[in-house]
Amino acid sequence: MSAGSANERFRGVPEACRRLLRLMQDMNFGQITFRIRQGAPDAGQPWRTRRTVKLTGGHNGPRPEADSVDFELRTEHVALFDQLAQLRDGACVTIEIKYGLPFIIEIEQEQQAA
């Protein structure tokens, strides 16, 4: 799945990607780990989350846009979906979330022995 362009809309992405976007908005800060299937998060496998909480203030709750029915995807969303679309089935992805947006992704894939 490739998001295509920066003006892609939330409603236009597959369900597993919409679930990921909502989870990022709800977490605001933290990490999400999941497996890839057909270029998107595998909704059939368990996902792991790790929430980061700021103890001395700051906004620890969901992003304000988490209640939006539809919205334009940000450049970070499009870049994330483009990266996921290139991965083989079974790859393990961990996304670091800052301000409800993907900031860094780590990709773990098995390599064939030489």
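Predicted model: local features only at pLDDT ≥ 70, side-chain atom pairs only at ≥ 80, totals over all residues.
Residues are numbered from 1 along each chain as its sequence is written. Local features need pLDDT of at least 70, side-chain atom pairs count only at pLDDT 80 or more, totals for chains, interfaces and linings use all residues, and side-chain values use heavy atoms, with hydrogens and water left out.

Helices (H or I, at least four residues) and strands (E, at least two) are DSSP runs, numbered from the N terminus. Helix 1 covers residues 15-27 and reaches 18 Å from its first C-alpha to its last, close to the 18 Å expected at 1.5 Å a residue; the expected span is 1.5 Å times one less than the number of residues. Asparagine 28, with a positive phi near 75 degrees, follows helix 1.

Buried means under 20% relative accessible area, exposed over 50%, and partly exposed in between (1.4 Å probe, protein chains only). In helix 1, the buried residues include Cys17, Leu20 and Met24. The buried residues of helix 1 pack against strands 1, 2, 3, 4 and 5 and against helix 2.

Isoleucine 95 lies in strand 4 and is buried, at a relative accessible area of 0%. Its C-alpha is separated by 9.2 Å from that of methionine 24, 71 residues apart along the chain. Beyond neighbours within four places in sequence, the contacts (heavy atoms within 4.5 Å) of isoleucine 95 include Leu20, Phe34, Leu80 and Ile104.

The structure holds zero disulfides, a disulfide being a pair of cysteine sulfur atoms within 2.5 Å. For cysteine 17, the nearest cysteine sulfur is that of cysteine 92, 16 Å away. Cysteine 17 is buried at 0% relative accessibility, and cysteine 92 is buried at 15%.
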